[in-house]
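Trainee: Hi! Could we go through this model together, starting with the surface and then moving inside?
Mentor: Happy to, let's bring it up.

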Amino acid sequence: KACGTTLLLAYQSLGVVYGDLSISPIYVYRSTFSGKLHLHEKDAVVLGVFSLVFWTLTLIPLCKYILFVLQADDNGEGGTFALYSLMCRKLKIGHLRYSQPADNDLSVYNSETSQRETRTSFLIKSFFDKHQSSRVVLLLVVLLGTSMIIGDGVLTPTMTVLSAVSGIHVKAPNLHENYIIFIACVILVGLFSLQHYGTHKVGFLFAPILIAWLCCISGLGTYNIFRWNRSVCRAMSPYYIYNFFKETGKDGWSSLGGIILCITGSEAMFADLGHFSKLSIRMTFTAVVYPCLVIAYMGEAAYLTKHIEDLERSFYKSIPEHIFWPVFIIATLATVVGSQAIISATFSIISQCQALGCFPRVKITHTSSNIHGQIYIPEINWLLMFLCIILTITFKDFHLIGNAFGLAVITVMLITTCLMFLIITTVWKRTVVLALIFILMFGSIELVYFSACLAKVHHGGWLPLVFSLLTLMLMSVWHYGTAKKQDFEYQNKVCLDWFLGFGPSLGMVRLPGISLIYTSTTNGLPPMFAHFITNFPAFHRICIFISLHTLTIPKVPLEEQFLIGRIGPAEYRLFQCIVRYGYKDSRKDSDEFENQVFMKVAEFMQQEVITGESNTNYEYEMSVVGKPSEPVIDAFSKAKTKRKYKVRFTEVGVMDEVSELIEQKESGVSYMMGNTCVIAHDSSSFLKRIVIDIIYGFLRRNSRRRAVALGIPHPSLIEVGIVYRV
């Protein structure tokens, strides 16, 4: 069964992961010779370009990603955030969410094998502990890499579709360019319209297309090798790279911005890991994709050695006349598949960013009940489509888009390499020598490519920089505003001693029913609730304060998601519920979540009796005042804090309490949460006012409301308006 599942995932990965990587033979040679390299139209130069393509494909996707980077998964999840979350747990340097001592007891943490601390890992950890600003820099680097991948979601569909459709010029050279643009836009609309069916169905639909495409390019490559130049195989020797730079000099270095396009989509192998498995991705690339690509590039090089004048349309010119149109149709369909990899990766990364508080709330639809990572985000899907169409219409120039594409691709890879240095030294606990070998082997190659792409900033390379910086600003502002909002709630929470001092009635009217009060604080009353009871001294007979926390781990086991504690004596009927999610966990709908909360509270009541051995005089201590990182639930581990509240069980039986819980549930359940308006304090700087009042305020007004994101029924919702001056 496991073998069958792996083969099925390997088949689906062809239609989702490898489309972008497989479609690149259409435009690599064309982009490489688009600059001054066309002045060096010699066989040695063509063979040198192929040698560069071959070794780039071998070293980056095959050696770096397949052998090393895929090994750095975070419990089956990949991508830039997966590397970051892995480091956060190992080094305890998280800068995204408040951590809690109780989280250290999760089985996910305990199952990770602990290795002996090395001198290098100790020094790196000490550096991050000593310099808090380094944590911010690391987070910004991670967000920059994430922003670049999101930018790829715009550039990849535009580049691949436009390059394929432009092949019509081979058979219709007089066709006006506007018709090409129109056809490309129609295909882009169709591509993004299919996304709501989900990765599972799209993968099944697209996989046969990509298999046909790989058969086409490998068949064409074999034909061109035997037809035009069988000796092209010798160009796999690194000597031809030396000869290439000897012949071309600076012009050869400048052309690297085109050669880098042969590995576009390599990052998707890691970013889409959550959709599939390491074995399926490795098996598909090594056994199918890699050999087909090498043969395709080799065959095109063999054709160019005899037809150097066809550089502008070398791929389509190398197709035999009688099969041109079938190959063209398959190529056009394959470009649609090529865009799927980065679109799926974009959805995954935005989902992770949102869960960790680094992206405004958007609607996330899970399209598969079996593979959790397969998701669809409508707002992002249509925004990507709009930007792709705008880019296609405005830029038109294939070479400008190629320059932008290359810079975005190599920047993400360079960031991954830098993060891998930290993973090797601090997570894997290997020696710094091995980490330096990794950096020198892959980082040096990527730096050379990066320098070549950076030199083309004024020729289209500025586009991914501008787009990624805007996305980075959006994510940073959202994270900053959310963190300030949480800080305000922690600093202004109301002490429970004052609240519980009013006795069982708490000095107000207790209404029939249950109230689920959403708060980000884990002890004390949130400012929102204190504001409510000050103006309206009544609330429900049973109150459950719910805190939703997203941890820097992919998934939290279902049996460990809920932490339940009691606030005050049993007759007060006040409970604290901390719900812990991983950044890849799906949120349940309101009805299912509501039933699960009540079930966990009932289990907690029963557990109290078992723990106390049915002794009505049993006491335990609960923390009611402490730091934000010390939740109420820590009382069960007898944590020592400075101030304690004594709780004594009375003669109320556990079955009576459970019966009352059921009875009050039938009376009605309401949800309470704050409708906060976050504004900068009067003493804030001008820059902070712009960030909080204008940018963050705009994002909050235009993102999905928290109640909608949680699926809370509107008739049962109580929203408390309150102003936070941060």
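Trainee: Which residues make the nonpolar surface patch of about 360 Å²?
Mentor: In this predicted model, that patch is formed by Trp462, Val466, Leu470 and Met473.

Trainee: And where does methionine 473 lie?
Mentor: Methionine 473 is in helix H22, which covers residues 462–491.

Trainee: Is methionine 473 buried, partly exposed or exposed?
Mentor: Methionine 473 is partly exposed, because its relative accessible area is 40% and that class runs between 20% and 50%.

Trainee: Okay, going inside. How many residues has the largest nonpolar core?
Mentor: The largest nonpolar core has 162 residues. Those with the most contacts inside it are Tyr18, Ile26, Trp213, Phe285, Tyr297 and Tyr316. Helix H20 (residues 398–427) gives the largest share of this core, with 16 residues.

Trainee: What does tyrosine 297 touch?
Mentor: Leaving out residues up to four places away in sequence, tyrosine 297 touches Ser24, Pro25, Val28, Tyr29, Phe50, Val53, Leu57 and Cys262.

Trainee: Is cysteine 353 buried or exposed?
Mentor: Cysteine 353 counts as buried, because its relative accessibility is 0%. Cysteine 3, on the other hand, is exposed, with a relative accessible area of 54%.

Methods:
Residues numbered from 1 in each chain as written. Predicted model: local features only at pLDDT ≥ 70, side-chain atom pairs only at ≥ 80, totals over all residues. Heavy atoms only, no water. Core = buried A, V, L, I, M, F, W, Y, C linked by side-chain atoms within 4.5 Å. Buried < 20%, exposed > 50% of the residue type's maximum accessible area, 1.4 Å probe, protein only. Helix = DSSP H or I, 4+ residues; strand = E, 2+ residues; numbered from the N terminus. Contact = heavy atoms within 4.5 Å. Patch = residues over 30% accessible without salt bridge, like charges linked within 9 Å, V, L, I, M, F, W, Y side chains within 5 Å. Areas by Shrake-Rupley, 256 points an atom, 1.4 Å probe, with all protein chains shown as cover. Salt bridge = Lys/Arg side-chain N within 4 Å of Asp/Glu carboxyl O.
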